[in-house]
Amino acid sequence: MKPVEVKTASGTTDSGKKFVAAKISFPLFGYVLKRILIFIPTLFIISLLTFILISIAPGDPAETMLNRSSGDGQASNKLSTDKAYRDLRHKLGLDLPIFYFSFGNMAECDTFNRIAKKDHRETLDRLIYDYGNWPQISTYYQQVNALEMSVLTTPRDSTNADALIELRNLVNKLYINSKDVVIADLLTGLQKNAAATPSLATVSGAVQQTQAAYELVKKEETVWKRYVPVMHWSGSQNQYHRWLFGDAKWFGEESDPTKTKGFLRGDFGVSFFSKRPVKSMIWDGLWITMLISLLVIVIEYVISIPLGISLAVRKDSLYDSSVTVALFITYSLPVFWIGTMAIFFLCSPDYLDIFPPFGLGYATWDDGFFYKLGDLAYHLALPLIIATYSSFAYLSRQMRGSMLAVLRQDYIRTARAKGLAENVVIWRHALRNSLLPIITIFASFFPALIGGSIILEFLFTIPGLGQITYAAVIQKDYPMILTNTMFAAILTLVGYLVSDILYAVVDPRISYNKK
Amino acid sequence: MAAVQQNNDQSYWAYVKRQFRKKKTALYSLYVVYFFVAVALLAPFLANEKPLVCKYNGHLYFPVFKELAVGFGLGEFPRELQNADWKNLSYDFVIFPPVPYLPMNQDNDNIHSKGPFDEQVIPSTRWKHWFGTDELGRDVLSGMIHGTRIAMTVGIVSMSIASVIGIFMGALAGFFGDNNFQVSRIRIWMNLLFLFFGFFYGFGVRSYAITDALGESLGKGLVQLLLSIGIFAAVMVLANLLATVLKKIPALGKQVNVPFDLVIMRIIEVLNSIPTLFLILLIISIVRKPNLYVIMLIIGATSWTGVARFIRAELLKVRNLEYIEAAQSLGFSNFQILFKHAIPNALSPVLISIAFGIAGAILTESTLSFLGLGPADTVTWGQLLSYARQIPQAWWLAIFPGFAIFINVTVFNLIGDGLTDALDPRLKQ
């Protein structure tokens with residue numbers, strides 16, 4: 001129950017500031033060190049979680065990259081695209097298991113990622129859930145593959161052309177359906193189409209084999225296996241290992257240019273879509289987003305804190321209520337609407353042509369430092385206004401609330417009673433004690449530095465990190481998503497650590513080593 | 001004095017209620033919330049294309065009630081009314097709801113967003129679109145009324161989820177810190193081990209059962225979800241029963257610290273590090289159909305961290321104050337002190353953040369609609385706002401929902417203010 005350990009080596013001094021500094025820093029030092037050490041496991045968990053989230057998200061980057069049309073074209077054509085697809089997945093390492101080990105149930109298959117197509121994997125996963133017997137389901141899947149091949153390789157003539165098209169349709173449906181009724185329907189449909197034409201005898205045979213395999217899946221179901229938890233071990237040949245450590249040699253020159261060095265050695269990979277190194281892409285967006293975010297934070301705090309204090313001091317006056325209403329109005333109108341309105345009315349020759357509607361200008365630093373600076377300011381003015389206006393309400397409201405809580409304390413009454421000027425009471429005695437919520441909010445700005453305001457960057461077509469991140473998420477650009485998340489994570493951790501230190505600095509009663 | 005003391009002891013919350021009622025602005029704000037809730041509940045009676053009462057072909061009908069009954073699976077509309085054009089039937093006698101439009105119905109005479117003051121093609125003032133129409137000719141007032149239901153549910157449900165989780169987690173982290181909560185070693189082991197089993201049997205093996213049921217209907221989905229949570233809870237209870245038995249063994253029963261602060265803050269860091277938009281996009285793409293309840297769950301599940309961090313920061317301070325020490329020396333249990341004495345003194349920033357959160361959730365929903373990720377089968381305030389973006393001249397598409405959100409932010413903040421004052425015994429006079 002003691003307050004922070006007091007380090008009195010420098011003797012008792014009356015100089016308040018020095019004393020506080022000495023008192024704070026020592027017990028905090030160990031705490032900060034401990035926290036920084038904990039960064040490592042936290043970052044590990046975040047990266048792993050991102051990996052898992054990416055892998056369960058629908059859609060497959062390889063599929064998008066090849067932009068393949070599903071199932072059309074001749075047999076050879078289809079075979080070559082299938083091969084290209086498999087090769088691409090192999091090159092990107094998507095056919096590897098996610099992590100060193102995985103928890104699952106006994107029914108599951110641990111080499112699932114080798115099955116190339118995502119929709120097929122989903123269907124098979126559902127079948128495993130329903131029947132719990134991977135060996136039989138695997139046989140069934142191979143039979144469907146064989147059936148597809150036999151449909152594709154059957155020479156086409158005038159008697160069977162229609163039937164073949166229908167058959168191919170049905171097979172494609174068979175791949176993505178897992179409901180018993182639907183599969184039974186599809187199989188009878190296939191059988192009917194194949195039996196109708198004599199030249200499709202091989203197909204008919206394949207259909208029968210598929211049917212038999214499916215019957216076996218249903219007959220030999222082992223649903224109980226689903227309830228037995230097991231651990232699959234996959235060793236170091238996994239996506240996570242490859243991303244973190246890379247597969248290049250640790251010592252000496254690496255001759256193979258396709259090998260990667262891994263995140264730990266500063267190799268963030270190459271974007272799946274733009275084919276540019278992730279590092280340079282992020283760097284391009286980073287300075288813009290950083291600049292905007294820092295300006296936004298400064299503007300918000302410089303305006304909101306004095307505003308909140310003045311509202312608290314004049315609580316329930318006309319000033320308080322009218323400013324509060326005005327702030328709430330600004331908060332209520334969503335940024336995307338105000339932004340659009342501003343662009344429409346303030347940036348168009350039809351109304352007021354005050355601000356540029358988009359971009360950051362074409363001036364370069366070579367045109368003269370002040371010219372570039374002016375151009376940048378001119379382009380950033382409106383985005384900054386739009387980005388900041390809605391936060392004033394929340395920040396100043398928090399400041400007002402905590403200031404009010406402090407102003408009720410006895411020591412404030414004491415300070416007033418001993419005749420201190422109101423300004424001194426507020427700024428010297430009350431402010432420091434009312435900063436906790438403000439610090440809490442401050443910490444969450446750190447990750448915003450990298451996330452940026454997606455909406456803002458969209459509205460004003462600013463090529464910042466927000467846009468890059470959004471595009472990466474939509475396109476499933478794994479290296480981009482991972483690198484972004486890791487940087488956001490590091491900033492979040494730093495932000496929270498800074499806020500925890502600030503808590504103890506502004507309020508000496510706060511200690512983290514309380515026994 | 002003694003009598004007052006006793007009275008206070010009897011019920012702190014009754015006292016808070018009395019104090020709250022003294023503050024007029026807060027009280028009126030509460031009435032405004034009641035009004036919104038009433039509009040939300042009565043939406044089908046306030047804005048509907050069907051008449052409230054009508055006499056048709058000599059029969060008396062109550063079509064709106066009937067519609068509700070049909071919705072619950074009780075009864076059917078008579079055949080001649082099943083696909084009726086309610087607006088143009090020749091009634092003997094009819095009373096329409098105050099707004100005779102449904103939010104999704106298109107009025108083909110008034111397409112291309114007619115404003116409240118524009119000339120509208122309507123049979124009489126009774127059919128006027130008081131708040132105008134949108135691009136497709138849908139009535140904005142009706143959209144506002146039905147949107148109230150969604151706004152209220154989104155705001156209140158998601159922030160309730162966020163505040164329950166947030167206050168609980170934040171309180172554990174802030175009050176107990178890293179060194180103030182001891183349990184036996186075996187209990188920690190058992191809880192960690194059974195956490196895995198709980199997830200495995202509660203959610204892992206039932207993943208498809210839950211998603212299937214959610215796809216079918218919300219009710220069935222909730223039943224399956226509750227079942228899963230029940231299994232999870234049962235497994236955890238079992239873990240603790242086992243631990244209670246096993247801690248009799250001396251080696252296992254050794255008391256160790258639970259670093260609540262460390263663990264909970266790490267969870268918050270992990271959650272906040274993953275971009276929210278990424279999480280939302282991901283979950284929506286897994287669920288496939290952007291469903292309102294999913295959006296509420298996501299907003300709730302991602303915004304509890306803010307509440308938790310506010311509570312934690314305040315409690316870090318509060319736990320070192322003298323009165324907590326006093327309560328401890330009086331022999332109150334830790335949880336008694338936490339919930340009765342510590343949390344009420346840490347609520348001010350939390351109430352503000354919840355008040356803003358309710359409106360924030362409504363705005364998040366509108367931003368999702370703006371990005372094209374909102375629910376498709378209903379009209380929400382947010383969607384109206386995002387239509388407004390496409391047609392800047394149509395101010396009525398922005399002003400009305402914007403005003404409604406403004407009222408929400410304001411009243412919830414005033415209620416929060418009133419509660420802060422009522423919770424503080426220093427303002428007793």
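Reader: Is B:Ser353 buried or exposed?

Author: A residue is buried if 20 or more other C-beta atoms, placed from the backbone, lie within 10 Å of its own, exposed if 12 or fewer, and partly exposed in between. B:Ser353 counts as buried because it has 28 C-beta neighbours inside 10 Å. Keep in mind that this is a predicted model, where local features need pLDDT of at least 70, side-chain atom pairs count only at pLDDT 80 or more, and totals for chains, interfaces and linings use all residues. Residues are numbered from 1 along each chain as its sequence is written, with chains lettered from A and ligands numbered from 1 in the order in which they are written.

Reader: Which helix holds B:Ser353?

Author: Helices are DSSP runs (H or I, at least four residues), numbered from the N terminus. B:Ser353 sits in helix 14 of chain B, residues 347–370.

Reader: And what does B:Ser353 touch?

Author: Contact means C-beta atoms, placed from the backbone, within 7 Å. Leaving out residues up to four places away in sequence, B:Ser353 touches B:Gly306, B:Val307 and B:Phe310.

Reader: How many residues does the largest nonpolar core have?

Author: Such a core is a set of buried Ala, Val, Leu, Ile, Met, Phe, Trp, Tyr and Cys residues joined through C-beta atoms within 7 Å. The largest has 148 residues, and B:Val307 and B:Val350 are among those with the most contacts inside it.

Reader: Where do the chains meet, and which helix gives the most?

Author: In all, 52 residues of chain B are in contact with 60 residues of chain A. On the chain B side, helix 14 gives the most, with nine residues.

How values were computed. Helix = DSSP H or I, 4+ residues; strand = E, 2+ residues; numbered from the N terminus. Contact = placed C-beta atoms within 7 Å.
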